[in-house]
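Me: I would like to learn how to read a structure like this one. Please take the features one at a time.

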Amino acid sequence: MNYGPLIFLAAFFALASSWFGVVLTPQLNVGQLQQTNTLNGALYPVARPGTAQQGLQVYRANGCAQCHSQQIGQSGTVFDVLLANAGTNRAALSEALQKVKPTLSAADADQLLSRIPVEVARFTRREEADAAVKTLSVGGAKAQFLVCPVGPDITRGWGKRRNVAEDYLFDSPTLLGSVRIGPDLANVGVRQPDINWHLRHLYAPKSEVKGSTMPSYPYLFEKRKAGRQPSSEALALTSELAAEKGWEIVPTPEGKALVAYLVSLRSDAPLFISPISLASAAPAEVGTNASAANASAATNAPASK
Amino acid sequence: MSATESPIPSSSVGSSPGCGAISSGIDSSSRLPLLILFGAGAFWLVVSSLLGLISSIKFHSPNFLAEPAWLTYGRVRPAFADSLLYGFCLQVALAAGLWLAARLGRTVIKPLPIIAGAKLLNIGVVLGVLGILSGDASGFDTLNFPRYAAAFIFGGYFLIGVPAVLMFHRRAVRTLYVSQWFLLAALFWFPWIYSTANLLVVAFPLRGVAQPIIAWWYAANFQFVWMGLVGLAITFYLVPKVTGRELVSQNLALFAFWTLILFGSWTGIPRSAPVPAYLPSISTVATVLTTLVFVSVALVIWKTVDGKIGLLWDSLSLRFVTVGLVCFLTAGLMNIADSVAAFGAITNFTWFTIAQTQLLSYGFFSMTLFGAMYFITPQIVGRELPFPKWAGVHFWMATLGILFGLAPLALGGIVQGRNLLNAEVAFVDVAKSTLMFLRVSTLGDVLILVGHGLLFVNLLVLGLRLVRITCQAFLAEAISEAQPAGVKS
């Protein structure tokens, strides 16, 4: 009997199964993702501004993803219990604190209480954190727990939480990168929002990061004769890198677009599927008042000069 | 089981005069198209290893050739990878596959569509490499050729693939040998994955992470499944053929076939990818199950030579194939280790994964193709290569090149990964910790380039000699025809 066609069909289905499983099915779920809401209620993600979108094309054309990934990982989540308000019954609170953290001596507990708002304990399970919050809520004291993703990427300050499919909704091509010859860039806009820093870094990486192994990108800049007034776009370079007198180094449109893209890179919004509590939003009354006070101080400062 | 035919008894080894009329017919019919594909493949090999050397120097001297935009690392590196994959691997694999199909099925190759296909294919690779260098790359590894280049490559593949299918259809030997199973599956699978990936990722991109998912799926299916199918087809043909022993268990070889297409095709999604969790999970399971492929392939070959590795070492072609096989098994082990959580956490995002994919596409597949080229070429031209000894030098250059080029990358990757996990180590120091390994790997790239140069010159001189002989024969014929005509009038 000729098994040929049967075997051919079997092989066909074996291979086709992966097409259905790894191409079609993901397209039917993650391919249909829509904008979602952050835990604060804002729409997420929002499309990048136009220059940043052009910058993504510069990023693609120059193969930046050959060395840089854009995917933060996290090894887990911990729950930090934050004591926001001591309430009125300090003694009871100190006792409760020692119950939550049996290793704590009474003196240490009092010392901790003197530094409110303060993170008093860290738990790996949510139920434990919940229980601790209940224990600490005595005599009007206010405690809450914060969701904190952890992992080497987050310790390095590369991001606040792991990346999820939603983060890349409006990026085409979606360049996740596969190697970290350079640092991860998923949140480089948060880490380094200074446009001029990025321009100087692209022009001469070692001038900004000592020992950097990144190549320089002189073709994203042009050297031109300075006018009577130096261009506002000219790079402020150190003396050994600066062009000779009467000349200046300015970024090309591609260079500017690339930097616009880089500073637009941030994926730290708290999402339902990748939750994170923002520390600043946590202590409700104290926090807002404090930051408001700081903000007014900051705006007032120049005026008083 | 219809696969019972073995390649040994039907035709004799080599281009000895004892060759049957049919196989010499197969050889002469395939001479021109195969030489074109081999020659162009060797040309791209040299181009690719030159680009590879440049990018390898840039690993540790980032400002080497930083100035012209088209020579920046982010362009040279994908140009290197894709010119190897499409210029050499795809092209020479097609040639070797055609020859195998003709030999095993006792049919002749129709040269015209193959030559046309080779032209389209090479136009595609030229456009692709220039496209990447000029900034048109798609940004996805193994899929970096811009869409206009991909269209040519697809067309070229179509022109070669359809005649290949027709050859299977009209084969004189009806029973199928295992190699033919592998080849037939590969023949159908490539256009499927290539069109899917190029349409959904490059030409009409889907939204968000659907793009990288499909790109990963394509890369695994091209570099592991497709290359595995073609490479093993060649291995399972050449080993019995040259050693004169029958392949021990065709059923075990077929088991490797089924496990490769069933499990191999689901691999490729990295563990840490920001995609729905079921994808990396399934992929990991599939990767672990590919152990079956490697174990069965190793068993088949081991039993065929009865544990006497020396048998494989006697013939130069088989030496290439053997090193290729060792690389296949090593790359497989690395991939399985990579997918297991404890080790994968270290090697994720490091040079280790780069070493692994290169071990597959260069160490395994290209080496196997070299073996096939050195075996097939003398047969189709009916003469030795101009510099037969260079082949041995090429072998050592390539083998040492793999050893010095890829082993340091893999080791450096582990060092890099351990440092990456330790947030106390500043990132600049992580990058610095790999520098020594990268410098050593440049040495490997130099050796590889030299080897490729030898192969290319060998084929070039052979081609020139054949052209001269053909011209002389043509002239002689024209003169001998002209003279009697002159006498008569």
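**A loop residue and its contacts**

Reply: Leaving aside neighbours within four places in sequence, A172(B) is in contact with G105(B), R106(B) and T107(B). Two residues are in contact if their C-beta atoms, placed from the backbone, lie within 7 Å. This is a predicted model, in which local features need pLDDT of at least 70 and side-chain atom pairs count only at pLDDT 80 or more, while totals for chains, interfaces and linings use all residues. Residues are numbered from 1 along each chain as its sequence is written, and chains are lettered from A and ligands numbered from 1 in the order in which they are written.

Me: Where does A172(B) lie?

Reply: Helices (H or I, at least four residues) and strands (E, at least two) are DSSP runs, numbered from the N terminus. A172(B) lies in the loop between α5 (147-169) and α6 of chain B. From A172(B) to V108(B) the separation is 64 residues in sequence and 10.0 Å in space, C-alpha to C-alpha.

Me: Is A172(B) buried or exposed?

Reply: A residue is buried if 20 or more other C-beta atoms lie within 10 Å of its own, exposed if 12 or fewer, and partly exposed in between, with C-beta atoms placed from the backbone. A172(B) has 9 other C-beta atoms within 10 Å, so A172(B) is exposed.

Me: Why does Y218(B) count as buried?

Reply: Y218(B) counts as buried because it has 25 C-beta neighbours inside 10 Å. Y218(B) is placed in helix α7 of chain B. Not counting residues up to four places away in sequence, Y218(B) touches T142(B), L143(B), I193(B) and A197(B). Y218(B) and W70(B) are 26 Å apart in space, C-alpha to C-alpha, and 148 residues apart in sequence.

Me: How do α3(B) and α7(B) cross?

Reply: Axes are lines fitted to C-alpha atoms, for helices over the stretch in contact, and angles run from 0 to 180 degrees between N-to-C directions. The axes of α3(B) and α7(B) cross at roughly 40 degrees and come within 11 Å. That angle makes α3(B) oblique to α7(B). Angles under 35 degrees count as roughly parallel, over 145 as roughly antiparallel, 65 to 115 as roughly perpendicular and the rest as oblique. On the α3(B) side, the contact is made by C89(B), A93(B), A96(B), G97(B) and L100(B); on the α7(B) side, by M227(B), V230(B), A233(B), I234(B) and Y237(B). These residues divide into nine nonpolar, one polar and no charged. Ala, Val, Leu, Ile, Met, Phe, Trp, Tyr, Cys and Pro count as nonpolar, Asp, Glu, Lys and Arg as charged, and the others, Gly among them, as polar.

Me: At what angle do α3(B) and α6(B) pack?

Reply: The angle is about 135 degrees, with the axes of α3(B) and α6(B) 10 Å apart. That makes α3(B) oblique to α6(B). G97(B), L100(B), A101(B) and L104(B) of α3(B) make the contact with S179(B), Q180(B) and L183(B) of α6(B). By class, the contact of α3(B) with α6(B) has four nonpolar, three polar and no charged residues.

Me: How many residues does each chain give to the contact between chain A and chain B?

Reply: The contact takes 57 residues from chain A and 58 residues from chain B. On the side of chain B that touches chain A, α7(B) gives the most, with six residues. That side has 36 nonpolar, 15 polar and seven charged residues.
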